[in-house]
Amino acid sequence: MKRVITYGTFDLLHYGHINLLRRCKALGDYLIVALSTDEFNSKSKNKSCYFTYEQRKLFLEAVRYVDLVIPETCWEQKKTDVHEYHVDTFVMGDDWTGKFDFLKEEGVEVVYLPRTPEISSTKIRKDKTPKNFRGD
Ligand code: C2G
């Protein structure tokens, strides 16, 4: 069983996230998502989320590609996570290209996938109404 892991905040879950998760799962058989906690987001990522950790976890657990959601509480946990969860492949969007290559030394395949253009949680927050808003 090939085990894949990815990390992120996944606030205001959108199709860019789903595209990423789908491609992560296509690289193996079991996908673990390390979800940034509210504290990690505010203290270390300078992000304030619309949804709480528990709400963001609920969303991810409903995604067919996701097998397990674990908390991401610090930048440094990746090195131990890959051993603790017997990870074969680590995946991130290509906005992180090169940042986690050190995990190769842990015997993990490191993959950076192209981000989905034109969508982000920040954009959703800024847009007043979605493109195809019908008023429903
Ligand atoms: N993503 C994507 N396309 C988008 C938006 C996001 O492919 N349009 C990907 C990102 O590249 C990332 C994942 O979706 O791999 C989650 O994105 P964020 O929630 O923004 O996560 P981030 O803030 O990058 O946190 O330790 C790593 C960090 O926790 C990553």
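Residues are described as buried when their relative accessible area is under 20%, as exposed when it is over 50% and as partly exposed in between, with a 1.4 Å probe and protein chains only. The structure is a predicted model, in which local features need pLDDT of at least 70 and side-chain atom pairs count only at pLDDT 80 or more, whereas totals for chains, interfaces and linings use all residues. Residues are numbered from 1 along each chain as its sequence is written, and side-chain values use heavy atoms, with hydrogens and water left out.

By these criteria His86 is exposed, because its relative accessible area is 56%. His86 belongs to the loop between helix 4 and strand 4, where helices (H or I, at least four residues) and strands (E, at least two) are DSSP runs numbered from the N terminus. The phi angle of His86 is near 50°, a positive value in a residue other than glycine. A positive phi, near 65°, is also found for Glu118, again a residue other than glycine. Glu118 is placed in the loop between strand 5 (109–113) and helix 5, and it counts as exposed because its relative accessible area is 68%.

The ligand is surrounded by 21 residues, of which the closest are Lys47, Glu72, Lys78, Asp95 and Ile119; a residue is taken as near a molecule or strand if one of its heavy atoms lies within 4 Å of it. By class, this shell comprises seven nonpolar, eight polar and six charged residues, with Ala, Val, Leu, Ile, Met, Phe, Trp, Tyr, Cys and Pro counted as nonpolar, Asp, Glu, Lys and Arg as charged, and the others, Gly among them, as polar.

Polar contacts are pairs of N or O atoms within 3.5 Å; within protein, one atom must be able to donate a hydrogen and the other to accept it, and residues adjacent in sequence count only if both atoms are side-chain atoms. A ligand oxygen lies 2.7 Å from a side-chain N or O atom of Lys78, and an oxygen atom of the ligand is likewise 2.7 Å from an N or O atom in the side chain of Asp95. Thr116 takes part through its backbone, an N or O atom of which is 2.7 Å from a nitrogen atom of the ligand. Taken alone the ligand exposes 630 Å², and the protein buries 95% of that area, as computed by the Shrake-Rupley method with a 1.4 Å probe. Strand 1 (3–8), helix 1 (15–25) and strand 4 (89–93) are the elements that give two or more residues to the shell around the ligand, and the largest share, three residues, comes from helix 1.

Two further residues are buried. Gln77, in the loop between strand 3 (68–72) and helix 4 (78–84), counts as buried because its relative accessibility is 9%, and a polar atom of its side chain lies 2.6 Å from the backbone nitrogen of Thr73. Ser121 is located in helix 5 (residues 121–126) and counts as buried because its relative accessibility is 13%. Between Ser121 and Gly16, which are 105 residues apart in sequence, the C-alpha to C-alpha distance is 9.4 Å.

Glu54, by contrast, is placed in helix 3 (residues 53–61) and is exposed because its relative accessible area is 54%.
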